[in-house]
Amino acid sequence: MRIALLTGGSTAERNVALAGAHQVTAALRDRGHSVVVVDTVIGVLDPDAESQVLSAEVGPTPPSLDELLALRTREQVESFIVPELRDADLVFLLLHGRQGEGGEIQALLELTDITYTGSGPAASAIAMDKDIAKRLFREAQVPTPRWKMWPCAEKEIERLGYPLIVKPSKTGSTLGLSLVASPAALPTAVDAAREHDDEVMLEQFVEGREFTVGVLDERTLAVGEIIPDHPIFDYECKYTPGLTKEIFPAEIPDDLERNLAALAIRAHQCLKLRDFSRIDFRIDSSDTPQCLEANTLPGLTATSLLPQSAAAVAIPFDELCERICRAALTRVGAGNKVCG
């Protein structure tokens with residue numbers, strides 16, 4: 001199969017995307033596929049450029065705002081659709097952040113009739129917008145922590161209670177997210193969130209165990225528990241080996257496992273996601289799972305959660321990548337022709 005892997009980007013999650021691309025490219029080539037890597041900033045990567053740009057490590061800190069601004073001056077949306085994308089049997093999306101997961105690139109690929117992995121434009125945009133996603137969770141009876149969008153009245157913030165979470169409404173990898181213990185710290189946290197998005201969410205902090213559930217082709221993978229060294233599963237904990245204990249499958253009662261799996265599928269379906277996703281939860285004081293968010297293009301780095309969720313149900317990394325490809329091709333009726 002001819003696969004074009006679209007990665008990189010100019011968001012703060014660029015390093016996460018490139019680290020995932022390093023691993024996915026190797027896995028797909030090991031399975032006999034022809035893979036060309038396209039960075040939305042640099043363009044098509046030849047073998048020398050691949051070795052320089054793709055990295056197995058993410059690092060404990062994201063690119064600086066100055067670095068991101070420099071990247072964005074080089075990035076032209078029209079240049080994404082190079083012949084290598086048009087000629088491929090499939091485009092494997094390995095992009096993160098609002099630009100990569102927010103539906104814009106998905107819409108561009110659909111306008112040019114290019115088959116790609118993951119959710120469509122509308123579902124991607126809805127899942128990226130945490131305010132809209134949480135409204136749909138609530139409608140679908142998927143419990144989710146209480147929230148308000150900034151600015152809001154002081155009485156509304158008091159009802160959420162301290163500590164509370166302050167975060168950008170449309171970004172990932174916990175970028176710009178703060179755990180706020182008192183009103184005095186709120187303005188600084190809002191400013192930090194606004195560096196990543198123009199909309200800021202204030203959310204009830206659920207002080208309990210954290211879990212994640214992978215979804216692949218409308219079926220759940222293993223439930224995993226996340227135990228970070230920090231009070232929250234922040235960027236540093238996510239991408240620094242040793243700072244987080246990740247247990248797959250989670251050591252939990254069967255009824256809780258079934259409940260998390262059922263809620264993950266319901267969240268996946270109520271947002272109209274497709275192919276694959278990862279749904280994150282915390283367990284509140286009454287032992288009720290509270291859905292934090294849905295990830296439409298979850299990380300595929302060496303330490304990412306979706307590959308661990310798959311491995312725990314006997315799906316190795318290369319098979320996971322193959323199944324993601326197969327799901328996309330089956331959707332458009334090309335699965336038998338290309339995958340066999």
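These are my entries, in the order in which I looked things up.

**Ground rules**

I am working with a predicted model, where local features need pLDDT of at least 70 and side-chain atom pairs count only at pLDDT 80 or more, while totals for chains, interfaces and linings use all residues. I number residues from 1 along each chain as its sequence is written, and side-chain values use heavy atoms, with hydrogens and water left out.

**Entry 1: confidence and overview**

I began with pLDDT, the predictor's confidence in each residue, from 0 to 100. The chain has a mean pLDDT of 89, and 89% of its residues reach 70 or more. Over residues 335–340 the value is below 50, and this stretch has 10 contacts in the model beyond near neighbours in sequence. A contact here means heavy atoms within 4.5 Å.

Next I looked up the secondary structure, which comes to 15 helices and 13 strands. Helices (H or I, at least four residues) and strands (E, at least two) are DSSP runs, numbered from the N terminus. Of the 340 residues, 56% count as buried. Buried means under 20% relative accessible area, exposed over 50%, and partly exposed in between, with a 1.4 Å probe and protein chains only. I also noted that 69% of the contacts between residues at least 6 apart in sequence join residues at least 24 apart.

**Entry 2: a sheet and its helix**

I then turned to an open sheet of 5 strands, which I traced in the order β11-β10-β9-β12-β13, with antiparallel pairing. Its edge strands are β11 (244–247) and β13, each pairing on one side only. From one strand to the next, the twist averages 25°. Two strands pair if DSSP finds at least two bridges between them; β12 and β13 run antiparallel and are joined by 6 bridges. In that pair I found Arg282 opposite Gln290 of β13.

Helix α12 packs on this sheet, touching β9, β10, β12 and β13, and its direction makes about 130° with that of β12. For such angles, axes are lines fitted to C-alpha atoms, for helices over the stretch in contact, and the angles run from 0 to 180 degrees between N-to-C directions.

How many residues does α12 have? Helix α12 covers residues 254–270, which is 17 residues, and reaches 24 Å from its first C-alpha to its last, close to the 24 Å expected at 1.5 Å a residue. That expected span is 1.5 Å times one less than the number of residues. I listed its buried residues as Leu256, Leu260, Ala261, Leu263, Ala264, Ile265, Ala267 and His268. An α-helix has 3.6 residues a turn, so residues three or four places apart point the same way. The cover over the buried residues of α12 includes α8 (130–139) as well as β9, β10, β12 and β13.

I checked the peptide bonds and found a cis one from Trp150 to Pro151, with omega near 0°. Pro151 sits in the loop between β5 (147–149) and α9 (154–160). Another cis bond runs from Tyr162 to Pro163, with omega near -5°, and Pro163 is in the loop between α9 and β6 (164–168).

Positive phi was my next search. Lys272, in the loop between α12 and β12, has phi near 60° without being a glycine. Is Lys272 buried or exposed? With 68% relative accessibility, Lys272 counts as exposed. Ala314, in the loop between α13 (305–311) and α14 (317–331), has a positive phi of about 65°. Ala314 is exposed too, at 66% relative accessibility.

**Entry 3: an enclosed strand**

Strand β4 (residues 90–94) has 5 of its 5 residues buried, so it is largely enclosed by the rest of the structure. In a regular strand the side chains alternate between the two faces of the sheet. In β4, Leu90, Phe92 and Leu94 are buried on one side, and Val91 and Leu93 on the other. β4 pairs with β1 (residues 2–7) in the parallel sense over 5 bridges, and Leu93 is the bridge partner of Leu6.

**Entry 4: His33**

His33 is buried, with a relative accessible area of 12%. Leaving out residues up to four places away in sequence, His33 touches Met1, Ile3, Leu28 and Glu322. The side chains of His33 and Glu322 are joined by a polar contact of 2.8 Å. Such a contact is a pair of N or O atoms within 3.5 Å; within protein, one must be able to donate a hydrogen and the other to accept it, and residues adjacent in sequence count only if both atoms are side-chain atoms.
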